[in-house]
Amino acid sequence: MKKKGIYILLGVLCLAAAVVCVWQLGRRNYAPQAETESISATLAPTATAAPAATEEPLEEAEAAAPETAEEPYESPIDFEELQAVNSDIYAWLQIDNTNIDYPIVQHPTDNTYYMTHNSDGDYSANGAVFSELYNSTDFTDPVTVLYGHHMNSGAIFGNLQSYYLDSEFFAENPNIKVYTPDGLLEYAVFAAVPYSNSHLLYNNDFTDDSVFTAFFEDVLNIRSIGALLNEDNAPEAGDKVLVLSTCLAGDNTRRFLVMATLVA
């Protein structure tokens, strides 16, 4: 009987041990997964989000973009070749749809020289298109006057009056071009008028704004036969004006003037 009690106690102990083993086995199968995940989450490096690309404001991007360099001016006139023949040549006059396409000269000492010499410096009754010493040769004066003979052949300024007496031509050909070694000057015609033969630059101080304004206001009020005007192109004080001057056909006591304002 005593031995039987011992066997029963041993059986209870074995059953208890079995229960403990089963409990530990179940813990081993299920608990480590959560622990592993927790550890992995702790040890895994934190992913760092790539910084968002910053978009440069449009204005700044445009400002930062390099400006396109302008191509250097190349004159269609070969001044080097012309000046090798005559150093007095300093510019070139051209009016579209006319035969006026000539070098411009200025003698260093004699204002009358190119009345009887061509642009090569040779004697010629045609003379040349020229300016006087009252003007600089860079067209920065308030008024620059270019002279040329009214030749019956049509040479030099021989056709200037007939061109600009034509109202259709006057309206459709407002531009005068002056080429220099350094750039192109473009003028817009505002007057083609008969005028007195008084010397414009000697008798008027165009550096005085009041004189400049009063003179061209008078021009724009001319209503004689043969006068054409375009007030849209009229100059204001501070502008630069080009005047082409020649004899008035049929009246050698007066001049025919074509006047234009520098626009470019």
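Select tyrosine 134 to begin: with a relative accessible area of 43%, this residue is partly exposed. Buried means under 20% relative accessible area, exposed means over 50%, and partly exposed lies in between, for a 1.4 Å probe and protein chains only. The model is predicted, so that local features need pLDDT of at least 70 and side-chain atom pairs count only at pLDDT 80 or more, while totals for chains, interfaces and linings use all residues. Residues are numbered from 1 along each chain as its sequence is written, and side-chain values use heavy atoms, with hydrogens and water left out.

**The aromatic pairs**

How many aromatic pairs does the structure hold? There are 13. Rings of Phe, Tyr and Trp (its six-membered ring) pair if their centres lie within 6.5 Å; planes under 30 degrees apart count as stacked, over 60 as edge-to-face, and the rest as tilted.

Helices (H or I, at least four residues) and strands (E, at least two) are DSSP runs, numbered from the N terminus. Tyrosine 202 counts as exposed, at 60% relative accessibility.

Next, select phenylalanine 206 and phenylalanine 216. Their ring centres are 5.9 Å apart and their planes are at 25°, so the pair is stacked. Phenylalanine 206 is in the loop between α6 and α7 (209-220), whereas phenylalanine 216 is in helix α7. Are these two residues buried or exposed? Phenylalanine 206 is buried, with a relative accessible area of 5%, and phenylalanine 216 is buried at 2%.

**Strand β8 and its partners**

Now select residues 241-248, which form strand β8; 7 of its 8 residues are buried. Two strands pair if DSSP finds at least two bridges between them. Strand β4 (residues 143-147) pairs with β8 in the parallel sense over 5 bridges, while strand β9 (residues 251-262) runs antiparallel to β8 and is joined to it by 8 bridges.

Which residues stand opposite leucine 242? Threonine 144 stands opposite leucine 242, and in β9 its bridge partner is alanine 260. Finish at glycine 250, in the hairpin of β8 and β9, which has 2 residues between the strands; this glycine takes a positive phi near 85°.
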